[in-house]
Amino acid sequence: MFTADELQAAAGLVHRQMAPTPQYAWPQLCQRLGCEVVVKHENHGPTGAFKVRGGITFIDWLRRTHPEAPGVITATRGNHGQSQARAARAAGLRAVVYVPHGNSVEKNAAMRAFGAELVEHGDDFDAAREEAFRVAEAEGLFIVPPFHRELVRGVATYALELFTARPDLDTVYVPIGCGSGICGVIAARDALGLSTEVVGVVSEGAQTAKLSAKADRLVATDSARTFADGMAVRVPVQEALDIYGPGTARIVTVSDAEVAEAIRVYYRDIHNLAEGAGAAALAALMQERERQRGRKAGVILCGANIDTAWFLTVMQGGVPEV
């Protein structure tokens, strides 16, 4: 998808606005799972999630190729919206962001703080996305789709950092929503000529990516119910499927209970906060611990933006209801 030079150029752009995030092998996680566990800490970025990288490269591309655009419009469950609002407002552009009704209160507040004009519509991400696409022309705004080459080029810089620091990883676990994160990992792996297996992770309540990869065609689902809202997608993206379909070794399904336990493990073992999607990769590794025993596994902690009420429920041993 990209050459190593294209990814290095993206990293240069991204690193002018944020420092590279660390990747640490935490001994308590290693002891717990019987393998070396390297955590890529995308929870340490300026929005608390990996999406910030794609916003930087996308808005830079937009200003160069569509200088007439007065702003952007997009849909999100939160982290993508923060990324686009942050980058667009810094460039002097409007940022209209659609979210579904009942979206994360704290993610909504963060998006507004970054300058987003927030609009609530529909019952889930895909309904909000359809409405954002519908009104884009009327508003005279440039639509930011959930998957775009420039978004992925920016996102791939976290994988470039990880693989440059740890080219010896046997496996990397990556959650899948619309697919920019996992496609960025696959793109960086391939650009660097590595043989690391990439394992996708979906919620059992939102399996569109796994079903689509298995069928080798787009398979939408009727709903996407999970408190791991970054993975709560029911309509897959063809461009992403074309990459993660052949590019993953397999796609693992995790339950909300497994994700909640992974959030607790992150907090107890390394005292880092993870949102649902942010803990999904660790949940999958915990499920496959015997398969990875004695090996070197990377997990992407892709975001930390969990609402307080949900975090309290999780830390008291429960699973948030959606």
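**Exercise 1.** Leaving aside its neighbours within four places in sequence, which residues is Ala 88 in contact with?

*Solution.* Keep in mind as you work that this is a predicted model.
- Step 1: find Ala 88 in helix 4.
- Step 2: set aside the residues within four places in sequence; the contacts of Ala 88 are then Ile 59, Val 72, Leu 93, Arg 94 and Ala 95.
- Step 3: decide whether Ala 88 is buried or exposed. Buried means under 20% relative accessible area. Ala 88 has a relative accessible area of 0%, so it is buried.
- Step 4: look along the chain to Arg 63, 25 residues apart from Ala 88; their C-alpha atoms are separated by 9.5 Å.

**Exercise 2.** Find the strand that holds Thr 74, then list what Thr 74 touches.

*Solution.* 
- Step 1: Thr 74 belongs to strand 3, residues 71-75.
- Step 2: not counting residues up to four places away in sequence, Thr 74 touches His 80, Gln 84, Val 96, Val 97, Tyr 98, Ala 132 and Val 144.
- Step 3: the relative accessibility of Thr 74 is 1%, so this residue counts as buried.

**Exercise 3.** Work out the strand order of the open sheet and say which strands stand at its edges.

*Solution.* 
- Step 1: the open sheet has six strands in the order 1-2-10-7-8-9, with mixed pairing.
- Step 2: strand 1 (23-25) and strand 9 (250-254) each have a single partner strand, so they stand at the edges and one side of each has no neighbour in the sheet.
- Step 3: from one strand to the next, the twist averages 25°.
- Step 4: Gln 23 has Lys 40 in strand 2 as its bridge partner.
- Step 5: helix 8 (residues 180-191) packs on the sheet and touches strand 7 (171-175) and strand 8 (197-203). The direction of helix 8 makes about 180° with that of strand 8.

**Exercise 4.** Describe how helix 8 packs with helix 10, and then how helix 4 packs with helix 5.

*Solution.* 
- Step 1: helix 8 and helix 10 (residues 238-247) pack at an angle of about 60°, and their axes are 9 Å apart. That angle makes helix 8 oblique to helix 10.
- Step 2: the crossing of helix 8 and helix 10 is left-handed.
- Step 3: Ile 182, Cys 183, Ile 186 and Arg 189 of helix 8 meet Ala 240, Ile 243, Tyr 244 and Gly 247 of helix 10. Sorted by class, this contact of helix 8 with helix 10 has six nonpolar, one polar and one charged residues.
- Step 4: helix 4 (residues 79-90) and helix 5 (residues 105-113) pack at about 10°, with axes 8 Å apart. Helix 4 is therefore roughly parallel to helix 5.
- Step 5: from helix 4, Asn 79, Gly 81, Gln 82 and Ala 85 meet Lys 107, Ala 110 and Met 111 from helix 5. The contact of helix 4 with helix 5 divides into three nonpolar, three polar and one charged residues.

**Exercise 5.** Which loop holds Asp 216, and which loop holds His 271?

*Solution.* 
- Step 1: Asp 216 lies in the loop between helix 9 (208-215) and helix 10. Although Asp 216 is not a glycine, its phi is positive, about 60°.
- Step 2: Asp 216 has 67% relative accessibility, so it counts as exposed.
- Step 3: His 271 is in the loop between helix 11 (256-270) and helix 12 (276-287). The phi of His 271 is near 50°, a positive value in a residue other than glycine.
- Step 4: with a relative accessible area of 57%, His 271 is exposed.

Technical notes:
Residues are numbered from 1 along each chain as its sequence is written. This is a predicted model: local features need pLDDT of at least 70, side-chain atom pairs count only at pLDDT 80 or more; totals for chains, interfaces and linings use all residues. Side-chain values use heavy atoms; hydrogens and water are left out. Two strands pair if DSSP finds at least two bridges between them. Helices (H or I, at least four residues) and strands (E, at least two) are DSSP runs, numbered from the N terminus. Axes are lines fitted to C-alpha atoms, for helices over the stretch in contact, and angles run from 0 to 180 degrees between N-to-C directions. Contact means heavy atoms within 4.5 Å. Angles under 35 degrees count as roughly parallel, over 145 as roughly antiparallel, 65 to 115 as roughly perpendicular and the rest as oblique. A crossing is left-handed if the near helix is turned anticlockwise from the far one by less than a right angle, and right-handed if clockwise. Ala, Val, Leu, Ile, Met, Phe, Trp, Tyr, Cys and Pro count as nonpolar, Asp, Glu, Lys and Arg as charged, and the others, Gly among them, as polar. Buried means under 20% relative accessible area, exposed over 50%, partly exposed in between (1.4 Å probe, protein chains only).
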